[in-house]
Amino acid sequence: MQSCITGGAGFVGSHLTDKLMMDGHEVTVVDNFFTGRKRNVEHWIGHENFELINHDVVEPLYIEVDQIYHLASPASPPNYMYNPIKTLKTNTIGTLNMLGLAKRVGARLLLASTSEVYGDPEVHPQSEDYWGHVNPIGPRACYDEGKRVAETMCYAYMKQEGVEVRVARIFNTFGPRMHMNDGRVVSNFILQALQGEPLTVYGSGSQTRAFQYVSDLVNGLVALMNSNVSSPVNLGNPEEHTILEFAQLIKNLVGSGSEIQFLSEAQDDPQKRKPDIKKAKLMLGWEPVVPLEEGLNKAIHYFRKELEYQANNQYIPKPKPARIKKGRTRHN
């Protein structure tokens, strides 16, 4: 099976790459390294079944492939708000280009959509038939609406061109290879706790999130790709926690003496987030299996190593070589 993963050098994409490579697929990773890192997939470079292409999906791509996992997009608020136009282009033009590729070569495309399509939901928990409550002109709209229109495109290509599509609505996910400074709740809290800084909670901390470990998500993506389910499917952990509970838990697991600091609420920050995963259980036989504390301990271990890596690989400018005057030879 020839599989292409756009955004394959990113956090989720690199774990998906590992899974497909271990399952014997020929894997082509496509990434422009805006948020992805070569380090995440470098252990596969040189393997006969692996290819890494430095490419931006906003430009058309011409390769032969059976399955396309379309994960390309900045996914954390600081990254997608940093360049909202780029985020929109990646999710719209990029998705059109990948659907065009799927049509040309007869491939099946899985779109990595997001729970953000539900916005700040008025329905709880969120099931796939909920249409969402999204601010189309808010600071998060470039991502939320970009993913909503990407879903629309998938079903337009399915209806008009017969392209096989799968749509995964991904809820909060964490684990090794997350960017340390991506502004997400888990990475923020772990990094702050490890460095003895205050854990910053926006608003009262009563807003809820449901966190799944990355290996559970990857198994869900593969199950969905290889299923006959063409309508959207939630992939997330229905175990709900308040942000404040989460801060306390991470503080305890790290063994940190950090205080918890409350800051003003972020705009359009969803108050509740919890997936209804009945559909995934019934149609894919999938549900998360990694306990929260086990996953958090793995993430904490990774972040500790990353901090050590950064400390040991600080850039030290090399001394400039001595200038040699023209016409004079220098011998050591």
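Visitor: Why is the pairing of Lys278 with Asp276 called a salt bridge?

Guide: In this predicted model, the closest N and O atoms of Lys278 and Asp276 are 3.0 Å apart, and because a salt bridge needs a side-chain nitrogen of Lys or Arg within 4 Å of a carboxyl oxygen of Asp or Glu, the pair qualifies.

Visitor: What makes Lys278 exposed, and is Asp276 buried or exposed?

Guide: Lys278 has a relative accessible area of 59%, and since exposed means over 50%, the word applies; Asp276, with a relative accessible area of 14%, falls under the 20% limit and is therefore called buried.

Visitor: Why is the contact of Glu306 with Arg39 said to tie together parts of the chain?

Guide: The two side chains meet in a salt bridge at 2.5 Å, N to O, and Glu306 belongs to helix 9 whereas Arg39 sits in the loop between strand 2 and strand 3, so the pair joins parts that are 267 residues apart in sequence. Arg37 is linked with Arg39 and Glu306 in a network of salt bridges.

Visitor: What makes Arg39 partly exposed?

Guide: Its relative accessible area is 33%, which lies between the limits of 20% and 50%, and therefore Arg39 is neither buried nor exposed by this rule; Glu306, at 4%, is buried.

Visitor: Why are strand 3 and strand 11 described as standing at the edges?

Guide: The open sheet of seven strands has the order 3-2-1-4-5-6-11, and strand 3 and strand 11 each have a single partner strand, so one side of each is left without a neighbour in the sheet.

Conventions: Residues are numbered from 1 along each chain as its sequence is written. This is a predicted model: local features need pLDDT of at least 70, side-chain atom pairs count only at pLDDT 80 or more; totals for chains, interfaces and linings use all residues. Side-chain values use heavy atoms; hydrogens and water are left out. Two strands pair if DSSP finds at least two bridges between them. Helices (H or I, at least four residues) and strands (E, at least two) are DSSP runs, numbered from the N terminus. Buried means under 20% relative accessible area, exposed over 50%, partly exposed in between (1.4 Å probe, protein chains only).
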